[in-house]
Structure formats: structure tokens, C-alpha cells
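Here's a walk through one model, region by region. Keep the viewer open and follow along.

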Amino acid sequence: MLEPRTDFEVNLVGTFNVLETARLNDSSIVFCSTNKVYGNNVNTVPVHERPTRYLFADHKFDQRVPESFPIDQTGHSPYGTSKLAADIYVQEYAHTYGLKAGIFRMSCIYGERQFRVEDQGWLSWFAIAAHMGKPVTIYGDGKQARDVLYVSDLLTAYEAFLESNVKHQVFNIGRGPDNTLSLLELLRMLREMTGKDPQVSFQDWRPS
Ligand SMILES: NC(=O)c1ccc[n+]([C@@H]2O[C@H](COP(=O)([O-])OP(=O)(O)OC[C@H]3O[C@@H](n4cnc5c(N)ncnc54)[C@H](O)[C@@H]3O)[C@@H](O)[C@H]2O)c1
């Protein structure tokens, strides 16, 4: 959000460079897209508030959010916008030039050697803070739930796509409803695992 031009140049121009290279060399593409392409539209879906998390009120989302979920007429953040534009470019290269392209709109990835900062990699950020006895800040009420996906499972999905006969496809990809976690639920797990009480403070919801 502080450097939108850098974001544009890396995410969009960078992806375009990769696409051109793939076109000229007849290569396949796996594109790391994101659930952020749906922008603020996801926040218009009614939810029920439960003690540790929010749940979709509409049962049609119990198992999955479809790839046809709207992307238009909403805020996305500069990151979400550059990722969405790149996502559409990859789709277009698949349509126009016949590239084999898998567009994976990913949820929250976690795994070994994740470089966590406060803005990225929340699961390892919280886990390391709990181990080190460092404080963490929750923006909002901590009931926001995320579909957490182990990085090796994601790589298995990439390989399955590359080995398949599917020419091009957009996938919303997470580990599914049984593997969702709210921030409060992760803190409870960490408390049980480490025997330590993470120091938690709360602040307002953040933009985007
Ligand atoms: N981690 C997640 O939960 C998540 C979720 C959805 C989508 N994604 C997407 O997955 C991709 C990887 O994310 P990550 O979490 O592994 O991030 P990361 O920060 O761990 O890795 C990003 C990589 O990109 C490299 N990079 C940055 N600028 C570059 C440039 N100008 N030229 C070449 N390389 C450059 C970095 O060196 C780093 O290796 C991103 O495209 C991100 O949008 C990640």
C-alpha cells in the first residue's frame, strides 16, 4: 500500500515478462494467484458470529467458494489489484496463445522456513511469538477464519496440474473447511502446545 508502483512493477510487469518468456518458449505456467482477487466482495457475504470464529450464514459456501464468485465493483487493495490483473493476463495468454496455465487462487500458506513478517505469514508469526514469549497484536476481534494450506500439499496440487491433461483452469485452492482456523483458535492451540500464554493485544481492523 505504501509503494503501489513497486507492487505493480513486480506483480504485473513481472508476470507479463514470465508470460512472454513462456509464449516464446512454449512453456507451461503455474501462477500463484490469491483469494485477494475477490477483494471486499467476500466481506459482503453474511456470517454468523460464534464464540471463536465467524461462519458463513449461507450453506452454499459450506464446502467451497466458487471461482465464479464476483471480482468486480469492489475494493481490492493495490496488491489484490495487481494480482487480479496478472491472474487475468495469465488466463488471456492461455486463451489466445494456447499456453498450459494453472491459476491457483490460494488461501493462507504455511510451512517450514516461512519468512514471516507481521503482514505476511501470520501462522508462523504467531507460532514464533508464542515460543519466544513475544507479544502479538490482533487487528479486529480474532474471529476471522482462514483456510490454512500446508505448502507441500500446494506443491502436490501444482504437480498434479502439470501432469494432467487440463489445458488451463482457475482454481480456488485451500485445504478445505476441515482445515480452517481463526486467529483465536490458533492462539488456543499454541497455548496448549507450549504451555505459555501469548501476550495478546487488540487493535482496529486494518484496511484491505
Ligand atoms: N503466502 C501466502 O499465504 C500466499 C497466499 C496467496 C498467494 N500468495 C502468492 O504466492 C507468491 C509467493 O508468496 P510467498 O508468501 O511465498 O512470498 P515470499 O515473500 O516468501 O516469496 C516471494 C519471492 O519472490 C521473490 N521476489 C520478490 N520480488 C522479486 C522480483 N522483483 N523479481 C524476482 N523475484 C522477486 C522474493 O525474493 C521471494 O523469493 C506470491 O505471488 C503471493 O502473491 C501467497
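Ser107 is buried, because its relative accessible area is 17% (buried means under 20% relative accessible area, exposed over 50%, partly exposed in between, with a 1.4 Å probe and protein chains only). You'll find Ser107 in the loop between β4 (101-106) and β5 (108-110). Helices (H or I, at least four residues) and strands (E, at least two) are DSSP runs, numbered from the N terminus. One thing to keep in mind: this is a predicted model, where local features need pLDDT of at least 70, side-chain atom pairs count only at pLDDT 80 or more, and totals for chains, interfaces and linings use all residues. Residues are numbered from 1 along each chain as its sequence is written, and side-chain values use heavy atoms, with hydrogens and water left out.

What does the side chain of Ser107 reach at 2.7 Å? That would be the backbone oxygen of Asp147. Skip the neighbours within four places in sequence, and Ser107 is in contact (heavy atoms within 4.5 Å) with Asn35, Asp147, Leu149, Ile173 and Gly174.

## The mixed sheet

Asp147 stands opposite Thr180 in β9. Strand β7 (residues 145-150) and β9 run antiparallel and are joined by three bridges; two strands pair if DSSP finds at least two bridges between them. The open sheet here has three strands in the order β5-β7-β9, with mixed pairing. β5 and β9 (180-182) are at the edges with a single partner strand each, so one side of each has no neighbour in the sheet. Ignoring direction, neighbouring strands of this sheet are turned by 45 degrees against each other on average.

Another open sheet of three strands goes β1-β4-β8, with parallel pairing. Its edge strands are β1 (29-34) and β8 (168-173), each pairing on one side only, and the twist averages 20 degrees from one strand to the next. β1 and β4 run parallel, joined by six bridges. Cys32 stands opposite Phe104 in β4.

Now bring in helix α4 (residues 151-163), which lies across β5 and β7 and runs at about 70 degrees to β7. Helix α4 also lies across β1, β4 and β8, running at about 155 degrees to β4. Axes are lines fitted to C-alpha atoms, for helices over the stretch in contact, and angles run from 0 to 180 degrees between N-to-C directions.

## Where α3 meets α5

Helix α3 (residues 122-132) packs with helix α5 (residues 183-194) at an angle of about 35 degrees, their axes 10 Å apart. On the α3 side, the contact is made by Trp122, Leu123, Phe126, Ala127, Ala130 and His131, and on the α5 side by Leu183, Leu186, Leu187, Leu190 and Thr194. By class, that's nine nonpolar, two polar and no charged residues (Ala, Val, Leu, Ile, Met, Phe, Trp, Tyr, Cys and Pro count as nonpolar, Asp, Glu, Lys and Arg as charged, and the others, Gly among them, as polar).

## Asp62

Buried or exposed, or something in between, for Asp62? Asp62 is partly exposed, with a relative accessible area of 35%, and its place is in the loop between β3 (54-56) and α2 (77-97). Asp62 and Pro177 are 115 residues apart in sequence, yet 7.1 Å apart in space, C-alpha to C-alpha.

Note on methods. Polar contact = N/O pair within 3.5 Å; in protein donor to acceptor, adjacent residues only side chain to side chain.
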